[in-house]
Amino acid sequence: MSQTTRSAMYLSGIGTATPEARYTKAECLVAFQASDWYARLDSRAHLIARTVLQRDNGIEARRLAVDTLAEVFHIDPNTLAQRFVTHAPTLAADAARRALAQAGLQPGDIDAVVVSTCTGYLCPGLSGYVVESLGLRGDVQAFDLVGQGCAAALPNLRLGYALLASNTCDHVLSVCVEVSSAAMYLDNDPGVLISACLFGDGAGAAVLSRHATPSRRRIEWVDSSSLTIPAQRQALKFEQRDGMLRNILSREVPALAAQYAQQVLATVLGRAGLNTDDISAWILHAGGRDVLLAVERGLKLKATDLRYSAAMLREYGNLSSAFVYFVLEAALADDAPGGWWWLSSFGAGFSCHGALLKVDE
């Protein structure tokens, strides 16, 4: 639907957080080979792990919420649940504090908080932990979004936009946090093994405001669109098995991501009267190297166009819903040229989302 009247939303602060422990893929392979799990899996699984972790898969290191890599292979429901409840609230609050500091706001200025995750479940939800840790007001509107996988950042931001447009909020705190090491699962399935080699832990946050912040670079949300394709649900999702989350990752994901990313982009650019050449910075979820390459080809981009996504993937791995906050932060830190920026995420569902941003020089 065309937007005839549009409320304003500005991203006035961005923050990210990861666990301190950094592990290279070479270290991960050594730890896997030393674990009890290595003997439980077949020779084909060994080959897949070596291939992913020894060759250039676009990832060099990941941050994981464990003191040693040996802990990663303690895979049982209670251990994983405890890992999530221990680390998800801390990571979420750390990213949020940094976003607040960048926005020049105090916790009492926040009118609503939206928290997304897919790697664990808490009731009461993570939003309450963020309210407590940051000292947000008792009457803050709090929302928890779950089940949207890697795509969750854009639905989270769109809910923030709706809250600002409702005139009940001046500032909304958007948070995505994933403890992928709390959703660890291993078996001989290639998709499961590849997933175990791709994902890292981290959180991203943004302060969303009705008005631009003086003396700060203006990042305005202009328009957005989404696609949800239930027929492709089986291509990428979590399932529950033995009381734990098991990731389903199919070979079709790179092609699906490229196809739907192109459709969402064309919809929004068409409404704005723009074309791909008008985009000066690309803020895209990476998924993995093959996904990034497929999106690059599908959108007819140069490799340098996706340099921020590639750099974050190499250093942090796939951070699921939190990833695009890291990419946006990297583009801002590099003083990427202003103009039209494209922000896009995709994931379970199969779903794809995109937003057009207008950024000052």
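Which residues of H8 are buried? Let me start there. In H8, the buried residues are Val 253, Pro 254, Leu 256, Ala 257, Ala 258, Tyr 260, Ala 261, Val 264, Leu 265, Val 268 and Leu 269. Keep in mind that this is a predicted model.

Now the spacing. An α-helix has 3.6 residues a turn, so residues three or four places apart point the same way. Look at the list again with that in mind: Ala 257, Ala 261, Val 264, Leu 265 and Val 268 are among the buried ones.

The helix itself runs from residue 253 to residue 272 and has 20 residues. From first C-alpha to last, H8 reaches 28 Å. That is close to the 28 Å expected at 1.5 Å a residue.

Step back to the whole protein. The model has 11 helices and 13 strands. Size next. For 361 residues, a compact globule would have a radius of gyration near 21 Å, and the protein, at 20 Å, agrees with that. Along the principal axes, the C-alpha atoms fill a box of roughly 60 × 45 × 35 Å.

Burial and surface. Of the 361 residues, 57% count as buried. The accessible surface comes to about 14,900 Å², and carbon and sulfur atoms hold 51% of that. Contacts: take those between residues at least 6 apart in sequence, and 79% of them join residues at least 24 apart. Charges: there are 31 positive and 36 negative, and their mean positions are 5 Å apart.

Now the backbone. Most residues other than glycine have a negative phi, and most peptide bonds are trans. Pro 124 is in the loop between strand E4 (112-117) and helix H5 (126-134). Phe 350 sits in the loop between strand E12 (339-347) and strand E13 (351-359).

You will find Lys 300 in the loop between helix H9 (289-298) and helix H10 (307-316). Buried or exposed? Lys 300 counts as exposed, because its relative accessibility is 73% and the cut-off for exposed is over 50%. Asp 335 lies in the loop between helix H11 (323-333) and E12. Asp 335 counts as exposed too, at 54% relative accessibility.

Last, two residues toward the start of the chain. Pro 19 is in the loop between strand E1 (10-17) and strand E2 (22-24). Pro 19 counts as buried, because its relative accessibility is 11% and buried means under 20%. What does Pro 19 contact, leaving aside neighbours within four places in sequence? Arg 63, Leu 64, Ala 65, Leu 91 and Asp 201. Ala 99 is 80 residues from Pro 19 along the chain, and their C-alpha atoms are separated by 17 Å.

Ala 8 lies in the segment before E1. Ala 8 is partly exposed, with a relative accessible area of 29%. Not counting residues up to four places away, Ala 8 touches Ser 209 and Arg 210. Ala 8 and Asn 156 are 148 residues apart in sequence, and 16 Å apart C-alpha to C-alpha.

Key:
Residues numbered from 1 in each chain as written. Predicted model: local features only at pLDDT ≥ 70, side-chain atom pairs only at ≥ 80, totals over all residues. Heavy atoms only, no water. Helix = DSSP H or I, 4+ residues; strand = E, 2+ residues; numbered from the N terminus. Rg over C-alpha atoms; globule rule 2.2 N^0.38 Å. Buried < 20%, exposed > 50% of the residue type's maximum accessible area, 1.4 Å probe, protein only. Contact = heavy atoms within 4.5 Å. Areas by Shrake-Rupley, 256 points an atom, 1.4 Å probe, with all protein chains shown as cover. Lys, Arg positive; Asp, Glu negative; His and termini not counted. Charge placed at Lys NZ, Arg CZ, Asp CG, Glu CD. Expected span 1.5 Å × (residues − 1).
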